[in-house]
Amino acid sequence: MTSHLPALVVTVPLLTAFAAFAAGWLRPKLCFPVGLTGLGITAISSIWLLAEVLEAGTVTYELGRWPAPWGIVYVVDRLNGVVLAAISLCAFIQWISSRASVKSQFSDRIGAFYGLELLFVTGVMGITVTGDAFNLYVLLEIASITAYALIAMGGGRAPLSSLNYVFMGTIGACFYLLGVGYLYIMTGSLNMADLASILRGMRSSQAILVAFVIIIVGVWLKMGFFPLHGWLPNAYTHAPWPATTLIAPLMTKVMAYVMMRLVLFLFGPEYSFGVLGLKDVVVWWASLAVVAGSVIALSQKDLKRMITCIILIEIAYMVGGTFLGNRSGTTGAIFHLVNDVFMTLCVFLAVSSLAFRQRELDMDTMEGLFSEMPFTMGALVTGALSIVGVPPTCGFFSKWLLLKGALEAGHYEFMVALILSSLVCLVLFFRVFEAAYFDHGERSHGHHRMREAPLGMVVPLLVVAIGIVALGLMSGEVISSIIEPALPRGVL
Amino acid sequence: MDRILEVVIAKYNYWIYIVLMMIGLYGVIAKNNLVKKIVGMSIFQTAIILFFISMGMKKGATIPIIIHGQEASVRASDYINPLPHVLMLTAIVVAVSTLGVALALAVKIYKEFDTLEEDEILEKIRKS
Amino acid sequence: MIWQLDLVILTLVVICGIGSLMIKDLLGAAILFGAYSFMMCVLWAVMGAVDVAFTEASVGAGVSTVFFVAAVFHTTRRTKD
Amino acid sequence: MLIWASGEFPPWGDPNSPASLHVSPRYIEKTMEETSVPNAVTSVLADYRGYDTMFETTVIFAAGVSCFMLLRLFSGRERSSHHYRHILTGLTLRVRRKGKQLPELEEFEPMDSLWTPYDLILRTLCRFLIPFIQLFALYVIAHGHHSPGGGFQGGVILGASMILLAISQDMRSALRRIRERTLAIFSVAGVAIYAGTGALCLILGSNFLDYAALSRIFPVDPVGARSLGIFLVEVGVGIAVMATMIVIYHNLASEGFLDEGL
């Protein structure tokens with residue numbers, strides 16, 4: 001059975017999605033447990049897969065038993081093994097915690113909603129695990145189409161934001177597809193490993209250069225990297241909570257993973273960093289994006305919008321870290337990706353359970369929340385400290401690595417941007433905590449005391465918060481045993 | 001002159017697809033009406049499909065269905081490359097799915113705001 | 001494969017594409033988009049991609065035009081550009 | 001930039017370009033030997049790159065579910081606008097109203113859920129056409145091994161025939177033929193046939209989607225089993241695509257009320 005694990009991590013959520021959708025028509029009560037089982041199996045098998053990879057090295061799975069350049073293969077190495085485990089755990093935790101809000105918001109179309117969520121998970125898992133450039137496009141479209149629909153379920157402006165996302169996302173995916181076409185016409189292959197070995201001999205080709213640029217721009221468009229981020233804050237802000245908590249931690253991170261996969265493995269570090277000379281430009285640009293993201297985040301009043309803007313900053317960290325092109329910078333970027341899945345999940349879940357009790361999320365309505373919802377706020381503090389980068393949490397270690405990488409590469413502007421944005425995050429969250437901690441006693445009489453969020457939301461939240469701290473404490477082992485060996489040899 | 005013509009004949013397919021792509025991109029970015037934007041998006045996608053199909057083309061080859069009775073001696077150069085066709089079948093399906101979702105969103109937006117012009121919608125949002 | 005014929009169809013494709021973006025009536029745009037898809041399908045059939053052409057004829061020229069018309073019918077034909 | 005890059009491309013239609021030399025010859029030369037399907041596009045689509053196709057079907061399924069979720073309205077909410085038809089000229093007017101009834105006029109008739117178009121020629125012609133279209137669609141699905149076509153195209157045509165029924169008559173009679181619930185089950189079942197075939201191969205001890213494993217339960221040799229697997233998969237795709245197309249159309253054309261069509 002262990003040899004089939006790479007297929008299982010994708011097909012189990014897929015089959016569960018069909019089961020959940022059918023259950024929505026026949027017996028709506030069954031949707032939740034069906035999905036829970038499916039995601040549970042997925043999480044277990046992806047962790048098992050990671051253990052397998054750590055023990056035996058890269059695992060390759062030939063779908064339909066066709067060998068590599070002809071058929072589609074799944075390749076799991078350390079890099080996507082760890083990303084897979086993070087994604088599946090995140091989806092599992094989110095599934096448990098979103099139960100109550102899904103039930104209250106989508107009672108008449110619960111099967112469709114759960115089916116789409118599971119399909120989304122299938123899409124992102126597939127993107128992570130696949131070793132075929134075109135298969136990645138198809139899975140990308142699955143993840144995107146489900147994300148469009150899930151986002152558009154929010155009221156008011158949500159359909160418009162979602163349609164904007166449709167346009168931007170389609171253009172991004174088409175750019176990616178076009179780049180793959182350029183690669184195909186020059187090499188005749190679609191398999192990533194095969195492509196990488198052929199491209200090694202084609203360093204000076206213009207068409208490959210154009211393909212590289214188009215693909216990276218397409219992926220950035222999907223990631224919401226700074227000048228191309230227009231769709232992101234609106235889409236995530238207006239989406240309904242159960243959708244945001246699933247999409248926000250996963251979608252952009254997976255695209256960041258795709259960028260790393262392409263830059264580090266498909267084109268190879270020598271090409272991406274060496275031949276082009278684009279490296280320094282991109283790092284400068286990422287520093288600019290970090291600063292711009294901080295400014296955008298500072299100008300927000302709404303809590304949900306603020307935390308979506310923080311995603312912009314995190315994405316810019318990852319782009320910058322990857323393109324620093326040295327060992328600690330790249331390690332930092334990968335570790336930050338894994339951390340960021342959990343950090344974002346923690347913050348979004350915490351805010352969503354605040355929102356579950358209280359519709360309006362302005363700074364003014366947050367007074368006295370610490371005494372009313374201590375566990376939720378505790379988790380929010382943990383997540384926020386991790387985003388700011390305070391030592392026992394995992395965010396600190398990845399930021400430290402990024403800083404070290406920037407210092408080694410001589411990119412002082414990236415260091416400045418990093419420290420500046422950490423301060424900005426501190427200010428942002430401190431504003432929230434100040435409002436929430438001090439009970440001014442001048443509350444309007446309409447403001448009744450709030451209860452702690454339901455148990456189904458608090459427990460997953462606490463698990464994530466503890467996980468963040470634990471990941472921080474174990475960061476040494478994680479980095480040295482998983483992430484460092486994952487890097488290709490070309491990264492110095 | 002002959003040389004230029006040769007280059008044009010060899011490459012015009014690749015140029016036309018770029019023209020179509022630019023038309024589509026213009027439609028998505030510059031148009032104000034949402035349905036027009038969706039049309040632009042579809043044109044953009046079709047242009048890329050055209051690019052893939054033209055690169056699978058081989059001169060002097062026939063469609064990639066093996067002729068009956070010749071199964072024993074199949075030469076690859078006699079048949080057009082089937083792989084881009086397969087990829088593009090998938091891409092067409094993706095395009096029509098995106099189109100369906102986008103149109104559903106447009107209908108939903110119209111129900112909400114009573115207009116399909118983007119500037120009017122933004123105006124209405126600002127007022128409320 | 002006759003390249004003159006190819007060129008004519010390509011020109012028609014471009015004209016239909018521009019037309020469907022320029023026309024000031026959404027129903028017209030939908031119909032022109034159908035024509036565009038059909039031209040595209042002819043082009044692909046000429047290039048030997050019969051399966052793709054078949055799909056495009058049924059999907060692009062058939063079903064997606066119907067989707068467009070249905071959506072336009074339930075929204076509005078008016079457009080400013 | 002794009003034009004600059006195209007300067008390096010092999011000329012159009014060149015049989016010796018890397019795109020047609022590296023991977024694809026094997027597809028063409030081995031398709032008969034390995035899958036016994038002469039249409040190389042079908043064999044690559046459903047077998048060599050069958051995994052792509054499974055997700056392609058899933059994309060279409062996701063789009064159907066999305067349209068359903070975005071537009072479907074269950075409660076008996078009042079429609080925001082109603083259509084009236086001028087009897088003499090055949091013009092259709094749309095009247096917006098909020099709860100008020102329009103005065104009953106002689107020359108206008110309301111196009112509500114009971115209204116049916118009565119163009120005799122159109123109705124009869126479509127009645128005649130639809131069975132033939134459906135027959136052709138089934139042929140396309142079944143004959144995809146030897147000629148252009150296959151599950152997807154056949155499914156679209158089959159779906160289009162039902163859409164034609166909904167257009168030419170009215171949506172209610174189309175919905176009487178296939179209920180919404182049936183459509184939903186069909187679309188799930190279609191994709192599940194595909195994924196289930198793959199999973200069956202997994203259970204039979206081979207890799208996912210390795211149709212050769214089917215020879216263990218069906219009395220055919222491995223190559224024939226691949227052909228059979230391709231056929232099974234095509235049928236699944238056809239069913240899923242048909243149901244999904246109809247679902248999308250119904251939801252788009254009736255704003256989610258599923259009562260009147262175009």
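Start in this predicted model by selecting helix 3 (residues 78-97) and helix 21 (residues 475-486), both of chain A. How do they lie relative to each other? Their axes come within 7 Å and cross at roughly 125°. Angles over 145° count as roughly antiparallel and those from 65 to 115° as roughly perpendicular, so helix 3 of chain A and helix 21 of chain A are oblique to each other.

Now show the side chains where the two meet. On helix 3 of chain A, pick Arg78(A), Leu79(A) and Val82(A); on helix 21 of chain A, pick Ser481(A), Ile482(A), Pro485(A) and Ala486(A). This contact divides into 5 nonpolar residues, 1 polar and 1 charged.

Next, go to Ser398(A), in helix 18 (residues 394-409) of chain A. Is Ser398(A) buried or exposed? Its relative accessibility is 0%, so Ser398(A) counts as buried. Leaving aside residues up to four places away in sequence, Ser398(A) touches Gly332(A), Phe335(A), His336(A) and Asn339(A).

Then select Pro242(A), in helix 11 (residues 241-266) of chain A. Pro242(A) also counts as buried, at 1% relative accessibility. Residues that Pro242(A) touches, again not counting those up to four places away in sequence, include Gln94(A), Ser98(A), Phe106(A) and Glu117(A). For a distance check, pick Val138(A): its C-alpha is 25 Å from that of Pro242(A), and the two are 104 residues apart in sequence.

Last, move to chain C and select helix 2 (residues 26-46). At 1.5 Å a residue, its 21 residues should span 30 Å, and the end C-alpha atoms are 30 Å apart, which agrees. Buried residues in helix 2 of chain C include Leu26(C), Phe33(C), Tyr36(C), Met40(C) and Trp44(C). After helix 2 of chain C comes Gly48(C), with a positive phi near 95°.

Methods:
Residues are numbered from 1 along each chain as its sequence is written. Chains are lettered from A and ligands numbered from 1 in the order in which they are written. This is a predicted model: local features need pLDDT of at least 70, side-chain atom pairs count only at pLDDT 80 or more; totals for chains, interfaces and linings use all residues. Side-chain values use heavy atoms; hydrogens and water are left out. Axes are lines fitted to C-alpha atoms, for helices over the stretch in contact, and angles run from 0 to 180 degrees between N-to-C directions. Helices (H or I, at least four residues) and strands (E, at least two) are DSSP runs, numbered from the N terminus. Angles under 35 degrees count as roughly parallel, over 145 as roughly antiparallel, 65 to 115 as roughly perpendicular and the rest as oblique. Contact means heavy atoms within 4.5 Å. Ala, Val, Leu, Ile, Met, Phe, Trp, Tyr, Cys and Pro count as nonpolar, Asp, Glu, Lys and Arg as charged, and the others, Gly among them, as polar. The expected span of a helix is 1.5 Å times one less than its number of residues. Buried means under 20% relative accessible area, exposed over 50%, partly exposed in between (1.4 Å probe, protein chains only).
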